[in-house]
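Here are my notes on the structure for your review. Please read them alongside the coordinates.

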Amino acid sequence: MNIKKVDLSHLKPYGDQMDDGAVQLSFTLPIPHGPKAREAARRIANKMNLTDVQIVFSRDLKENFSFFVVYGHLTTSINYNDIKVMSVETPHMSMEEVDKYIEEHVKRPIVVVGATIGTDAHTVGLDSILNMKGYHGDSGLERYKMFKVYNLGSQVPPSQLAKKIRETGADVVLVSQVVTQRNIHVKNLVELADILEAEGLRKSVLLIAGGPRITHELAVELGYDAGFGSGTVPSDVASYIAVEISKRVL
């Protein structure tokens, strides 16, 4: 479909035809399952500005909880032309292309140190980017011949991470944050950036944040060079690192 033919000033979801606004959503209600619960779900969907609401699936989750899958049609639209988003804008390269790029432009392996910091014990995101097996069929940075990777794991104090940066002469610091209760991930990221600044390390490293609730805009706001969120694969990060470090070498 040619996007130029779509009315981007009144963008709506596409179901069976243009501008029908068809959506599918699911949610759970803290009430016993039954006809009254299904009617409650239908009324909630109507409150969301959905028309032609259909409860196509419902299930008793026990302990007075009920699950619903709902079809409906959205009556509102948005102006796509008004959306402005900050994002990392680096040409994507394959693993082989990244290695070749680093060989030609940096002319030495790039040292990467990664960790989750503070109280964050989740390493799935960090490991998916750094570990050799990678993510979604995309090999992690450990498999690249032009990256030397130090994965420090979880719950690393920012001061300890700063010490490792100094010991390894790191070019890149990759910090993953998942835990978000009371925005603790923001506090942790700010603390690390402040420590690196105080110890004179900030300008010598490419500082990257990653995690399911991290955006490039948030990362830059917190003093980082870049942020990568959900759906990022290792080669996305590798391409960005290769290009940015080559600029510093030049």
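Predicted model: local features only at pLDDT ≥ 70, side-chain atom pairs only at ≥ 80, totals over all residues.

The points below cover the sheet, a helix pair and one serine.

1. Three strands form an open sheet in the order 1-3-2, and the pairing is antiparallel. Strand 1 (22-29) and strand 2 (50-62) are the edge strands, each pairing on one side only. Direction ignored, neighbouring strands are turned by 20 degrees against each other on average.

2. Strand 1 with strand 3. Strand 1 pairs with strand 3 (residues 65-74) in the antiparallel sense, over 8 bridges. L29 stands opposite S66 of strand 3.

3. Helix over the sheet. Helix 1 (residues 35-47) lies across strand 1, strand 2 and strand 3. Against strand 2, helix 1 runs at about 140 degrees.

4. Helix pair. Helix 2 (residues 95-105) packs with helix 7 (residues 234-249) at an angle of about 5 degrees. Their axes are 10 Å apart. Because of that angle, helix 2 is roughly parallel to helix 7. Helix 2 contributes V98, Y101, I102 and H105 to the contact. Helix 7 contributes A238, S239, A242, V243, S246 and V249. By class, the contact has 7 nonpolar residues, 3 polar and no charged ones.

5. S128. Is S128 buried or exposed? S128 has 13% relative accessibility, so the residue counts as buried. S128 is found in helix 3 (residues 124-130). The S128 side chain reaches the backbone oxygen of G125 at 2.7 Å. Leaving aside neighbours within four places in sequence, S128 is in contact with G134, Y135 and P234.

Terms used. Residues numbered from 1 in each chain as written. Heavy atoms only, no water. Axes fitted to C-alpha atoms, helices over the stretch in contact; angles between N-to-C directions. Helix = DSSP H or I, 4+ residues; strand = E, 2+ residues; numbered from the N terminus. Parallel < 35°, antiparallel > 145°, perpendicular 65-115°, else oblique. Contact = heavy atoms within 4.5 Å. Nonpolar A, V, L, I, M, F, W, Y, C, P; charged D, E, K, R; others polar. Buried < 20%, exposed > 50% of the residue type's maximum accessible area, 1.4 Å probe, protein only. Polar contact = N/O pair within 3.5 Å; in protein donor to acceptor, adjacent residues only side chain to side chain. Pairing = 2+ DSSP bridges.
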